[in-house]
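Here is a short briefing to read alongside the model.

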Amino acid sequence: MKEKPPGPRMETKAEVQPEPSEAIELEPGIYQLRSEKPGSHIYLIKGDTKNVLIDTGVAAKFTVLKRRLTELSMRVRDINLIILTHEHYDHIGATAFFHRTAVVAAHRLAANKLELQDEFVTFRRYRDQSSKPFWVDVWLEDGSIIDLGNYELQVIHTPGHTSGCICLYEPRAGLLFTGDTVFAGGTLSEIAVGGNVSDYVNSVRRLSNLKIKQLYPGHGRVSSTPDEDLPKAIVYAQTMLDDCKTFFEAFIKTRKLQDKLGSAFGYWTESQDYKK
Ligand SMILES: [Zn+2]
């Protein structure tokens with residue numbers, strides 16, 4: 001039996017920032033709870049039997065989140081399931097406030113980092129001081145299905161931005177919740193700790209094979225043109241890969257030049273020492 005993490009601390013008045021966010025109904029029973037940075041957008045899905053939050057934003061904005069839920073005639077304990085798109089502080093921060101009554105799910109590569117409180121990867125303590133630890137009840141895999149009756153969420157593992165990134169695909173309505181994997185216009189995130197470019201290329205290619213009508217990202221605007229966005233995202237991901245190659249080719253050339261110059265002046269460079 002795991003010991004329950006300590007309860008989250010409510011934010012002080014000084015920590016509560018003015019918040020321009022609002023709840024927008026995107027599809028019947030699906031709401032976007034908008035947030036400016038810091039803090040990701042949060043999506044609420046009112047399922048036939050379960051209510052789901054996709055991401056929880058930062059802990060410091062929990063009061064705002066609670067207010068948005070109240071506006072939709074919901075309480076914190078009405079949320080049954082929280083699905084985290086990845087392990088970053090701005091998507092997970094308020095999760096502990098729901099943990100007494102909601103099940104928490106994330107991809108296993110994100111879940112491992114969250115449970116071990118890998119602050120180097122999550123930035124939780126560094127960037128979101130009031131965030132509290134929690135454990136992940138359900139460790140998701142690529143292909144997992146969450147059946148809410150009126151909606152079905154398919155888990156697509158999309159490593160790249162981080163190793164634990166997932167997108168959630170609703171095939172009947174053609175909806176894709178992307179977290180930080182891809183934004184409107186085909187923009188991609190940075191390669192954060194634990195991520196890599198080549199996985200990012202593959203992940204975006206996989207997404208482009210889906211029939212998507214609406215793209216719901218973790219930041220910025222939603223997009224009704226994923227058919228245009230995803231090809232752009234593939235080009236952008238491939239460009240990142242090519243830029244890496246160019247960078248390392250230039251780096252190697254510089255090292256070779258350094259070696260030559262070092263020899264010419266009679267120095268034993270570090271790389272020559274390796275050849276012994
Ligand atoms: Zn992120």
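Two strands pair if DSSP finds at least two bridges between them; strands (E, at least two residues) and helices (H or I, at least four) are DSSP runs numbered from the N terminus. This is a predicted model, in which local features need pLDDT of at least 70, side-chain atom pairs count only at pLDDT 80 or more, and totals for chains, interfaces and linings use all residues. Residues are numbered from 1 along each chain as its sequence is written.

**Strand β5 and its neighbours**
- Strand β4 (residues 51–54) runs parallel to β5, with 3 bridges joining them; isoleucine 54 has isoleucine 83 of β5 as its bridge partner.
- Between β4 and β5 the chain passes through helix α1 (residues 62–71), in a right-handed β-α-β crossover (clockwise from the first strand over the helix to the second, with the strands pointing away from the viewer).
- Strand β6 (residues 103–107) is also parallel to β5, through 4 bridges, and leucine 84 stands opposite alanine 106 in β6.
- Strand β5 (residues 81–84) is covered on both faces, with Leu81 and Ile83 buried on one side and Ile82 and Leu84 on the other (buried: 20 or more other C-beta atoms within 10 Å of the residue's own, C-beta atoms being placed from the backbone).
- In a regular strand, side chains alternate between the two faces of the sheet.

**Helix α6**
- In α6 (residues 197–208), the buried residues are Tyr200, Val201, Ser203, Val204 and Leu207.
- These residues lie on the same side of α6 because they cover an arc of only 170° around the axis (taken from the directions from the helix axis to the C-beta atoms).

Notes:
The expected span of a helix is 1.5 Å times one less than its number of residues. A residue is buried if 20 or more other C-beta atoms lie within 10 Å of its own, exposed if 12 or fewer, and partly exposed in between; C-beta atoms are placed from the backbone.
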